[in-house]
Amino acid sequence: MPREVVWVTGASAGIGKAIVEAYVAEGAVVAATARPSERLEGLAQAHENVLAFPADITDATAIKATVAAIEERLGPIDRAILNAGTHHPVKAQDFKADDLRALMETNLMGTANCLEALLPVMLPRRGGQIAVVSSVAGYTGLPTSAYYGASKAALFNLCESLKFDTDKAGVDLRVVAPGFVRTPLTDKNEFPMPFLMEPEDAAKRVVKGLKGRRFEVTFPRRFAYQLKLLRCLPYWLYFPLVARSTKTR
Ligand SMILES: NC(=O)c1ccc[n+]([C@@H]2O[C@H](COP(=O)([O-])OP(=O)(O)OC[C@H]3O[C@@H](n4cnc5c(N)ncnc54)[C@H](OP(=O)(O)O)[C@@H]3O)[C@@H](O)[C@H]2O)c1
């Protein structure tokens, strides 16, 4: 039986690396993308079924060439996990449009570059799955999350909009919305992180969720649903409640 071909971006660390290892354990062959580094090469050397395809997701031309190179080497991509992303916590006093632009270039436009490369190959095949990694921080505004939350909210809206067409074309588009996962990205957070998970646990939930049928794969469920409820509150209640629970006053 042919092995599933999985493409993972942001594969060199954190959640992406754990997702690569989880799919290898599932018997897939994994194309691993991150910017060129020893840690990406090390991951490929550590696993027979992982091949490194180094690229920067902000470079649209390089990403198109990467998708073509993966398909030439491994065959059609069955599943793509667009996970690469970054975080830049900010307070109002330090807000800079340039910093927001830089973060959007990776989290939003980098993911868009991957979609632009994937959709023209998957849509005519009427098959394949694309999972875009957003975050529960995309649900609603949270302290220090002005750049990051905006980028992740944009990914939700982008995928919801595209899904109307991808559904008709037989391409399975999903959004993954993790809560807090212990990685180099969350090491930047200076506040206590509720329901903090290990990357291996997060990766297991991604693999399981993407086998299911839900558009949104979110975890830990209890935390995600608390945030979803918060977003339904009137603002006069929302702001004091979040400020108190995150100790920003
Ligand atoms: N950790 C959490 O609590 C959490 C929660 C919700 C959502 N998420 C999302 O999950 C994803 C992974 O987060 P993480 O916590 O695992 O972060 P991480 O440990 O910082 O890893 C980020 C990955 O993205 C890659 N990357 C960054 N910029 C890139 C670029 N321009 N081109 C290609 N690759 C790039 C990094 O590799 P190089 O630097 O080597 O290129 C690395 O492999 C992100 O989208 C993040 O927003 C994380």
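R126 counts as exposed, because 10 C-beta neighbours fall inside 10 Å; the cut-offs are 12 or fewer other C-beta atoms within 10 Å for exposed, 20 or more for buried, and partly exposed in between, with C-beta atoms placed from the backbone. This is a predicted model, in which local features need pLDDT of at least 70, side-chain atom pairs count only at pLDDT 80 or more, and totals for chains, interfaces and linings use all residues. Residues are numbered from 1 along each chain as its sequence is written.

R126 sits in the loop between α4 and β5 (129-133); helices (H or I, at least four residues) and strands (E, at least two) are DSSP runs, numbered from the N terminus. The phi angle of R126 is near 50°, which is positive in a residue other than glycine. T144 likewise has a positive phi in a residue other than glycine, near 65°. T144 belongs to the loop between β5 and α5. Is T144 buried or exposed? T144 is buried, since 21 other C-beta atoms lie within 10 Å.

One further backbone feature deserves mention. The peptide bond from F219 to P220 is cis, with omega near -10°. P220 is placed in the loop between β7 (216-219) and α7 (221-232).

I turn now to helix packing. Two packed helices are described by the angle between their axes and the distance between the axes. Helix α3 (residues 60-74) and helix α4 (residues 97-125) pack at about 40°, their axes 8 Å apart; axes are lines fitted to C-alpha atoms, for helices over the stretch in contact, and angles run from 0 to 180 degrees between N-to-C directions. The two helices are therefore oblique to each other, given that angles under 35 degrees count as roughly parallel, over 145 as roughly antiparallel, 65 to 115 as roughly perpendicular and the rest as oblique. The crossing of α3 past α4 is right-handed, meaning that the near helix is turned clockwise from the far one by less than a right angle. From α3, A60, I63, K64, V67 and E71 meet N113, C114, E116, A117, L118 and V121 of α4; contact requires C-beta atoms, placed from the backbone, within 7 Å. By class, this contact of α3 with α4 has 7 nonpolar, 1 polar and 3 charged residues, where Ala, Val, Leu, Ile, Met, Phe, Trp, Tyr, Cys and Pro count as nonpolar, Asp, Glu, Lys and Arg as charged, and the others, Gly among them, as polar.

At what angle do helix α1 (residues 14-25) and helix α6 (residues 199-211) pack? The angle is about 60°, with the axes 8 Å apart. That makes α1 oblique to α6. The crossing is right-handed. Residues making the contact include I15, A18 and I19 of α1 and A203, V206 and V207 of α6. By class, the contact of α1 with α6 has 10 nonpolar, 1 polar and 3 charged residues.

Leaving aside neighbours within four places in sequence, I19 is in contact with V8, I81, N83, A203 and V206. The largest nonpolar core has 66 residues, of which V8, I19, V20, V30, A32 and V132 touch the most other members; such a core is a set of buried Ala, Val, Leu, Ile, Met, Phe, Trp, Tyr and Cys residues joined through C-beta atoms within 7 Å.

Finally, C159 lies in helix α5 (residues 146-168). C159 counts as buried, because it has 23 C-beta neighbours inside 10 Å. Not counting residues up to four places away in sequence, C159 touches V132, L173 and V175.

Methods. Two residues are in contact if their C-beta atoms, placed from the backbone, lie within 7 Å.
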